Amino acid sequence: MRYAICFTPSASDPLTLVAANWLGRNVYSGEMVDPPATRGLGIHEIAFHTAVPRRYGFNGTLKAPFRLADDMSEAGLLRDLMRFSGTLTPFEIPRLEVARLGSTFGLVPSVPCQEMHFLAASVIQTFDHYRAPLTEAEIERSDPDGLSATQFANLHRWGHPYVMDEFRFHMMLTGTVNPTDTARMEQVLRDIFEPVLAEPVPVSNIALMMEEGTGGPFRVHSLHPMGKISARKIA
């Protein structure tokens with residue numbers, strides 16, 4: 001079982017609901033959702049291209065999935081995350097937009113969001129002692145030979161290559177898309193998501209995500225409101 005610390009909008013947020021329809025699974029309930037009727041992409045194409053982000057759920061990762069260290073517990077992680085979130089000031093991402101991320105697509109801030117960058121760095125530093133050391137297999141899955149020197153150092157220090165100065169906040173919408181399909185995919189994603197991207201996105205909670213079994217899908221375990229010393233368990 002693994003955990004991850006992420007940002008995701010509230011369960012009732014229109015962006016959460018649209019993302020659940022697109023990915024085919026609600027990140028809060030874990031329930032499967034029928035994909036939208038979409039001009040330009042068939043249902044089976046959508047299911048194929050969303051397989052990877054569907055497993056991880058709709059979120060922006062702050063601390064990538066990790067196993068608990070032997071001397072750490074879920075209860076301790078919950079307690080410290082509740083306390084940590086209570087010290088934070090909520091903020092907004094002025095606007096998210098659909099963007100190409102290499103061979104994939106996701107939602108990213110239309111302009112750099114320094115508050116999110118600071119939040120991610122704080123989460124990484126504060127909760128790293130909860131993370132079990134990477135196994136050799138986990139290191140190999142990160143393709144260490146393809147990393148820069150900074151990314152390689154991050155992998156061994158923090159358990160993930162794309163943290164600190166290498167961090168770029170994003171919320172994944174697809175897995176790898178063939179170059180011949182990118183223009184079609186981008187248009188479909190804009191048609192689906194742009195109606196719910198007009199307003200700023202409030203960042204007022206931190207989500208603890210939990211993997212259902214080994215290799216299973218992730219779902220929201222609990223929400224930890226920023227600025228409040230409380231947490232809401234997700235049934």
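A nonpolar core is a set of buried Ala, Val, Leu, Ile, Met, Phe, Trp, Tyr and Cys residues joined through side-chain atoms within 4.5 Å. In this predicted model, the largest such core has 48 residues. The largest pocket holds about 1,400 Å³ of space, and the second largest pocket holds about 190 Å³.

**Nonpolar cores**

- Within the largest nonpolar core, the residues with the most contacts are W22, L96, L107, M116, L119, F193 and I206.
- Another core, of nine residues, lies apart from the largest one, and A4, Y28, A207 and M209 are among its members.
- In soluble globular proteins, nonpolar side chains tend to be buried together.
- When neighbours within four places in sequence are left aside, L96 is in contact with L15, L107, V108, P109, F169, M171, L197 and V201.

**Largest pocket**

- The largest pocket, with about 1,400 Å³ of space, is lined by 45 residues, and the closest to its centre are Y56, A64, P65, H160 and Y162.
- The elements that give two or more residues to this lining are β1 (3–7), α3 (51–56), β2 (60–66) and α6 (136–141).
- β2 gives the most to the lining, with seven residues.
- By class, the lining of the largest pocket has 23 nonpolar, 13 polar and nine charged residues.

**Strands β1 and β2**

- β1 and β2 run antiparallel and are joined by four bridges.
- One of the bridge pairs is C6 with T61, the latter in β2.
- β2 is mostly covered, with five of its seven residues buried, and β2 is also the element that gives the most to the lining of the largest pocket.

**Second largest pocket**

- α5 gives the most to the lining of the second largest pocket, with three residues.
- The lining of the second largest pocket divides into eight nonpolar residues, two polar and one charged.

How values were computed:
Residues are numbered from 1 along each chain as its sequence is written. This is a predicted model: local features need pLDDT of at least 70, side-chain atom pairs count only at pLDDT 80 or more; totals for chains, interfaces and linings use all residues. Side-chain values use heavy atoms; hydrogens and water are left out. On a 1 Å grid over the protein atoms alone, a cavity is a set of points where a 1.4 Å probe fits but cannot get out, and a pocket is an open set with protein on both sides within 12 Å along at least five of seven lines; lining residues have an atom within 4 Å of a point. Grid points are joined across faces, edges and corners, and a volume is the space filled by probe spheres set on the points. Ala, Val, Leu, Ile, Met, Phe, Trp, Tyr, Cys and Pro count as nonpolar, Asp, Glu, Lys and Arg as charged, and the others, Gly among them, as polar. Buried means under 20% relative accessible area, exposed over 50%, partly exposed in between (1.4 Å probe, protein chains only). Contact means heavy atoms within 4.5 Å. Two strands pair if DSSP finds at least two bridges between them.
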